[in-house]
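This report concerns the salt bridges of a predicted model. The sequence and structure are shown below.

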Amino acid sequence: MWELRHRGGGGPGPGGEAAAPPREGEAAGGDHETESTSDKETDIDDRYGDLDSRTDSDIPEIPPSLDRTPEILKKALSGLSSRWKNWWIRGILTLTMISLFFLIIYMGSFMLMLLVLSIQVKCFHEIITIGYRVYHSYDLPWFRTLSWYFLLCVNYFFYGETVADYFATFVQREEQLQFLIRYHRFISFALYLAGFCMFVLSLVKKHYRLQFYMFAWTHVTLLITVTQSHLVIQNLFEGMIWFLVPISSVICNDIAAYIFGFFFGRTPLIKLSPKKTWEGFIGGFFSTVIFGFIAAYLLSKYQYFVCPVEYRSDVNSFVTECEPSELFQLQSYSLPPFLKAVLRRESVSMYPFQIHSIALSTFASLIGPFGGFFASGFKRAFKIKDFANTIPGHGGIMDRFDCQYLMATFVHVYITSFIRGPNPSKVLQQLLVLQPEQQLNIYKTLKTHLIEKGILQPTLKTDGCCGQLVSSSKA
């Protein structure tokens with residue numbers, strides 16, 4: 001705390017801060033603290049720059065956020081204890097958010113993409129705002145402006161890559177977009193380079209080390225928010241079910257762990273989150289696996305959820321129509337001997353995706369919470385209860401999505417490792433943007449390859465003009 005500095009004999013420092021106590025090897029009033037102006041300036045520079053020596057107790061406390069609970073809820077719950085009041089506020093707001101989530105799912109894939117982008121921007125804002133509040137007294141030049149500029153650059157790069165991959169047929173019809181896509185990476189690099197140069201030009205004396213800390217702060221925040229939200233959208237294009245089951249599993253685990261911990265919690269789980277208990281952790285695990293298995297069964301029945309999301313240029317919209325893959329077709333599985341005796345059945349029918357859902361649910365309940373523990377450690381480091389006060393009873397958007405980012409990365413890695421094969425539709429889109437000579441070359445190469453593999457059989461027919469035999473092929 002700042003009182004420790006006063007007890008050390010230091011007076012107020014620049015910006016109203018308490019001065020640091022004398023360093024090791026320096027005595028108050030000794031040779032190292034003469035009254036010369038140059039020595040004082042050097043000491044000030046050291047105090048501003050030497051952030052490595054600061055401990056957690058040196059971090060200024062951020063003022064608590066205002067309570068944004070609606071007045072109607074406050075009046076309705078005024079007679080309850082704070083514990084039960086928080087229970088009801090969290091419960092009501094949770095049901096409200098889930099209802100809005102269902103509405104957005106009904107509105108389609110494009111609205112889900114906008115939702116992911118909105119959450120990403122809000123999470124970035126909450127983390128950057130914490131940095132600004134903690135170091136506000138330093139008055140860093142261009143800090144927030146450059147942070148938002150880098151967010152724009154990184155989003156331009158990632159979403160440009162998505163447009164190039166999934167909207168090739170649409171891009172082909174627009175000459176201006178063709179230019180932007182062809183030189184997309186160069187443009188992205190030029191935009192980032194401009195921000196980099198602006199950062200270097202903004203460096204000023206007494207703030208060097210702190211400015212580089214904030215530069216790293218911004219880039220780590222971008223890595224956490226933008227990269228992960230891009231992976232969420234990539235998962236969504238594989239089929240809405242790869243978006244819904246993982247996200248709903250994390251939500252289910254969060255709710256179930258809270259309920260089990262609230263009613264049965266006795267044994268603390270981790271010091272970073274004193275309210276988390278082993279009872280809640282274990283109860284959340286079993287609840288999440290069961291929920292994921294049932295949700296996978298229900299969603300696998302509908303093309304709307306299992307078909308890859310594709311953009312159709314003829315109707316100018318996203319479509320989810322396909323012949324479901326084997327992953328979403330009922331299969332018969334033989335039961336182990338001990339289950340045969342219990343269930344009195346030889347086999348059971350289920351979707352293969354339900355087996356994958358067990359892996360997704362297990363990760364959501366065992367590893368996913370570590371995203372929350374990481375966020376708890378971050379908040380403790382800066383002496384804040386929540387990232388923001390956006391949602392009454394829940395905190396900020398980042399407080400609700402801290403586990404989702406780990407989940408998004410796992411799902412993407414899982415799909416690319418165990419599920420995804422070559423995508424004919426994506427290959428065809430890439431072929432259509434090639435020049436006619438290149439397309440013809442690929443056609444001839446593919447035809448020769450299929451003949452060599454015996455898939456196409458060459459046949460001979462007579463040329464009517466010259467009476468010569470020419471080779472042709474047919475399947």
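## Arg185 and Glu161

In this predicted model, Arg185 and Glu161 form a salt bridge, with 3.0 Å between the closest N and O atoms. The pair links distant parts of the chain: Arg185 belongs to helix H9 (residues 184-202) and Glu161 to helix H6 (residues 143-166), the two being 24 residues apart.

The two partners fall into separate accessibility classes. Arg185 has a relative accessible area of 56% and is exposed. Glu161 has a relative accessibility of 17%, which is under the 20% limit, and therefore counts as buried.

## Asp254 and Arg400

A salt bridge also joins the side chains of Asp254 and Arg400, at an N to O distance of 3.1 Å. Distant parts of the chain are linked here, since Asp254 is in helix H11 (residues 241-264) and Arg400 is in helix H17 (residues 397-419), 146 residues apart. With a relative accessibility of 32%, Asp254 counts as partly exposed.

## Asp399 and Lys379

Asp399 and Lys379 form a salt bridge in which the closest N and O atoms are 2.7 Å apart. Asp399 lies in helix H17 and Lys379 in helix H16 (residues 369-381), so this pair ties together parts of the chain that are 20 residues apart in sequence. Asp399 and Lys379 are both buried.

## Whole structure

The search of the whole structure finds four salt bridges. Among them are Arg185 with Glu161, Asp254 with Arg400, and Asp399 with Lys379. Helix H17 contains Arg400 and also Asp399.

Conventions:
Residues are numbered from 1 along each chain as its sequence is written. This is a predicted model: local features need pLDDT of at least 70, side-chain atom pairs count only at pLDDT 80 or more; totals for chains, interfaces and linings use all residues. Side-chain values use heavy atoms; hydrogens and water are left out. Helices (H or I, at least four residues) and strands (E, at least two) are DSSP runs, numbered from the N terminus. Buried means under 20% relative accessible area, exposed over 50%, partly exposed in between (1.4 Å probe, protein chains only).
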